[in-house]
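The sequence and the structure come first.

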Amino acid sequence: MADFVKKPVVPLPDLQPEPQIPADQLYFTEEEKQKIARFKEQYLEPAGAVMKTLWLAQEKFGFLPPEVLQLVADELGIPYAQVYGVATFYTQYYKEKKGKYVLDVCTCFTCQVCGGYDILHYLEEKLGIHKGETTPDGLFTLQEVECLGACGSAPVLQVSNGPYVHNLTPEKVDQLLEDLKQGKLPPFVSLTLPQDEAELGGNRRSDAEAVESYQTPPVARQTR
């Protein structure tokens with residue numbers, strides 16, 4: 001047991017880390033606080049809003065160091081440990097500073113057999129970094145991830161927890177990098193399976209066209 005305590009399998013978090021966000025920038029604006037209040041109204045308990053609030057915080061600060069997690073906990077009125085547990089469970093929450101664009105390359109089974117590792121290694125060569133690293137100019141972070149749920153259009157990568165780029169080839173990667181350098185994100189596209197084409201009248205839709213249908217209406221008042 002003594003050896004395990006000295007050398008745990010998972011590194012223990014620093015209990016007193018150096019703040020990474022300046023104190024004069026560590027706050028939510030009134031507009032952001034109003035958004036968080038609306039998040040809380042959608043759930044029976046304030047803790048239900050932790051994921052949306054963490055997402056808002058990540059969009060504001062770029063990542064979620066301990067002081068930002070504490071800010072979220074204070075705003076929701078819940079224990080720090082509860083916020084920490086959620087933030088460290090999901091890889092979509094960044095606990096360390098990333099590049100402006102995070103490229104998540106899927107290498108799970110389907111993407112793997114369709115060339116996912118070829119795409120990952122091609123990106124490593126193009127960017128001059130290894131997976132898990134960020135380019136010196138702070139523009140790109142490259143990550144290897146598990147299934148992105150788009151096996152029908154493998155190999156796939158996701159840009160900064162947002163749009164997917166399907167059916168990747170070196171040429172598509174080259175174009176993507178050039179577009180991102182110019183600040184142009186790829187469009188949100190949801191690919192339909194061939195057998196679904198008839199039902200949709202042969203049309204492929206973009207996720208952007210159906211965003212409203214994805215919104216979860218407040219239910220807290222009805223369920224209390």
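The side chains of E178 and K181 meet in a salt bridge, with a nitrogen-to-oxygen distance of 3.9 Å. The model is a predicted one, and the distances and angles in this report are computed from it. Both E178 and K181 belong to helix α8, which covers residues 170–181, and the two are three residues apart, or about one turn of the helix.

The two partners fall into separate accessibility classes: E178 has a relative accessibility of 40% and therefore counts as partly exposed, while K181, at 52%, counts as exposed. The cut-off matters for K181, because a residue is called exposed when its relative accessible area is over 50%.

## Other salt bridges

In general terms, side chains of opposite charge can pair when their charged atoms come close. A further salt bridge joins K60 to E32, and here the closest N and O atoms are 3.2 Å apart. K60 counts as partly exposed because its relative accessibility is 30%, whereas E32, at 16%, counts as buried.

The side chains of K98 and E96 also meet in a salt bridge, for which the N to O distance is 3.7 Å. In that pair E96 has a relative accessible area of 48%, so this glutamate is partly exposed.

## Overall arrangement

The protein contains nine helices and four strands. Read from the N terminus on, the elements follow the order α-α-α-α-α-β-α-α-β-β-β-α-α.

Of the 224 residues in the protein, 37% are buried. When contacts with a separation of 6 or more are considered, residues 24 or more positions apart account for 59% of them.

## Packing of α3 against α5

By residue class, the contact of α3 with α5 consists of six nonpolar residues, with no polar and no charged ones.

## Cysteines without disulfides

The count of disulfides comes to zero. For C108, the closest cysteine sulfur is that of C147, and the 5.1 Å between the two sulfurs is too far for a bond, given that a disulfide requires the sulfur atoms to lie within 2.5 Å. C108 has a relative accessible area of 24% and is therefore partly exposed.

C114 is likewise in no disulfide, the nearest cysteine sulfur being that of C111 at a distance of 6.9 Å. With a relative accessible area of 42%, C114 is partly exposed.

## Backbone geometry to check

Most residues other than glycine have a negative phi, and most peptide bonds are trans. Against that background, the peptide bond that joins A154 and P155 is cis, with omega at about -5°. P155 is found in the loop between strands β2 (140–145) and β3 (157–159).

Two asparagines have a positive phi. For N161 the angle is near 60°, and this residue is placed in the loop between β3 and β4 (164–165). N161 counts as buried because its relative accessibility is 15%. For N167, phi is about 50°, again a positive value in a residue that is not a glycine. N167 lies in the loop between β4 and α8, and with a relative accessible area of 34% this asparagine is partly exposed.

Note on methods. Residues are numbered from 1 along each chain as its sequence is written. This is a predicted model: local features need pLDDT of at least 70, side-chain atom pairs count only at pLDDT 80 or more; totals for chains, interfaces and linings use all residues. Side-chain values use heavy atoms; hydrogens and water are left out. Ala, Val, Leu, Ile, Met, Phe, Trp, Tyr, Cys and Pro count as nonpolar, Asp, Glu, Lys and Arg as charged, and the others, Gly among them, as polar. A salt bridge is a side-chain nitrogen of Lys or Arg within 4 Å of a carboxyl oxygen of Asp or Glu. Buried means under 20% relative accessible area, exposed over 50%, partly exposed in between (1.4 Å probe, protein chains only). Contact means heavy atoms within 4.5 Å.
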